[in-house]
Amino acid sequence: MFPPGFVWGAATAAFQVEGATTADGRTDSVWDVFARRPGAVVGGDTGDPAADHYRRYSEDVGLMRRLGLGAYRFSLAWPRVRPDGGAPNADGLAFYDRLVDCLLEAGIQPWATLYHWDLPQALEDKGGWTSRDTAYRFAEYAETVLERLGDRVASWSTLNEPWCAAMLGYAGGIHAPGRTDHPAAVAATHHLLLGHGLAMDVIRRHAPGVPAGITLNLYPVVPHDPANVSDVSAARRIDGLQNRLFLDPVLRGGYPDDLVADLAPFGLGDVVRPEDAAIIAAHIDWMGVNYYRDYRVAGRPVAGSEPAGPEWVGAGDVHFVPDPAAPRTDSGWEVQPAGLTESLLQVHRGYRPVPLYITENGAAYPDVVSDGGDIVDTDRIAFLDSHLRAAHDALAAGVDLRGYFYWSLLDNFEWAEGYAKRFGLIHVDYETQVRTLKRSAHWYSRVVGLNGLG
């Protein structure tokens, strides 16, 4: 069993599910523009129609209620709320008004994320997250949202996975805006964190009694050979870039010394101002942990290893070593549930006490709809079962874990993979927009009802 009051939910993100990318005054985000770039997204897919959640949110809330979910984690689209990063848009805000009210009427807690990677393209044209000014524009956007919804949202998150936005977007070129500039990625990292701190101040002013935090993707990193100096160094650097680059400034009030040295050649010292540390370290009520995999790394080529991609700033000599025994999802990611326990324990043991929520955890599998309309996704059920047991192991070890959100509620636009990967508990036929509950949805619903695993 899980503790009384444990929050059970599912998550989505605006660009991945809403569709309606030109409706009611919404303008381009960086992802709209990136998706139109030839070869950037599998199949040439774009953010339309996605899961048409913008028009079908009431149906989707009904499905959440049918599953017994206690909370729904969604994000707001910045270019819907403040198109082009400019003046507030009443029509765009009205959608989130309707969504939040619908959730409350269904007895489902709204968990809102202010930023899940859909920067207005007009701000990217002015430098995007490489510009310090974008952090202040983010605070303005947060002010608009909080003024309207601050009294009805159950919990706020400022950012989702700033590592992806900065490193995949500005260094790796894999995500929008599709740049491959290491100093730009370092600047973007800092300005995203600055935006987080500024937005926390906005939340405190407009919703002082509402819990708020940040959501990070955290993955344990181990050396391939703990006795090999180069492997140990590789693990330190990758752990630094993936985890401590974000955990330390948020929970300790500054970047770790080794990363300051690692990133000095890429301009970290040029973008940090003396006042920034205190802003970024604003008190948070909780931290979200998104977990999908763990990493084993070497400081040299070893059998079967792959060199680090350009998203790993300053770590081009590092190699990622696969576990040949591990099963893999349809995304090619290793299924390593014990890594979830370890990620939660790393925060619990290494930082000041803070309540934790698993805000994303899920898997893509090649779901097949039978002639009878059934989707027997036993692989996803096994994934869920193993990871929920890993979460329970963390609780048993003393972690203050308070909730779990499966990724994702719906099949959706999976970023650079387009519509090729299905993560949902609910199958979406993109031609008809018909929703079908998968076997995993029914399984998860029973877990929610029991508040535990049978």
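## Aromatic pairs

Trp111 and Phe405 are both buried. In this predicted model, the ring centres of Trp111 and Phe405 lie 5.0 Å apart, and their planes meet at 55 degrees, so the pair is classed as tilted. An angle under 30 degrees would have counted as stacked and one over 60 as edge-to-face. Trp111 belongs to strand E3 and Phe405 to strand E12, so far as sequence goes 294 residues apart, and the pair links distant parts of the chain.

A second pair, Phe413 with Trp415, is edge-to-face, with 6.4 Å from centre to centre and 85 degrees between the planes. Phe413 and Trp415 are buried. The count of aromatic pairs in the model comes to 41.

## Aromatic cluster and a charge over a ring

Phe413 and Trp415 also belong to one aromatic cluster, whose other members are Phe15, Trp31, Phe34, Trp117, Tyr419 and Tyr430.

Another ring, that of Tyr351, has the charged end of Arg252 sitting over it, at 4.2 Å from the ring centre.

The UniProt record, an unreviewed entry, carries a "binding site" annotation on Gln16, His116, Asn160, Tyr292, Trp407, Glu414 and Trp415. The lining of the largest pocket includes Gln16, His116, Asn160, Tyr292, Trp407, Glu414 and Trp415 from that set.

His116 is in the loop that runs between strand E3 (109-115) and helix H6 (121-124). Trp407 is part of strand E12, residues 401-407. His116 has a relative accessibility of 3% and is therefore buried, the cut-off being under 20%. Trp407 is likewise buried, because its relative accessibility is 3%.

Apart from neighbours within four places in sequence, His116 is in contact with Ala13, Gln16, Ser75, Asn160, Glu360, Trp407 and Trp415.

Asn217 lies in strand E5, which covers residues 212-217. Its relative accessible area is 2%, so Asn217 counts as buried.

With neighbours within four places in sequence set aside, Asn217 is in contact with Glu161, Trp163, Cys164, Gln242, Asn243 and Asn290.

Methods
Residues are numbered from 1 along each chain as its sequence is written. This is a predicted model: local features need pLDDT of at least 70, side-chain atom pairs count only at pLDDT 80 or more; totals for chains, interfaces and linings use all residues. Side-chain values use heavy atoms; hydrogens and water are left out. Helices (H or I, at least four residues) and strands (E, at least two) are DSSP runs, numbered from the N terminus. Buried means under 20% relative accessible area, exposed over 50%, partly exposed in between (1.4 Å probe, protein chains only). Contact means heavy atoms within 4.5 Å. UniProt positions are given in the numbering used here, feature names are shortened, and annotations may be inferred rather than shown by experiment. On a 1 Å grid over the protein atoms alone, a cavity is a set of points where a 1.4 Å probe fits but cannot get out, and a pocket is an open set with protein on both sides within 12 Å along at least five of seven lines; lining residues have an atom within 4 Å of a point. Rings of Phe, Tyr and Trp (its six-membered ring) pair if their centres lie within 6.5 Å; planes under 30 degrees apart count as stacked, over 60 as edge-to-face and the rest as tilted. A charge sits over a ring if NZ of Lys or CZ of Arg is within 6 Å of the ring centre and within 35 degrees of the ring normal.
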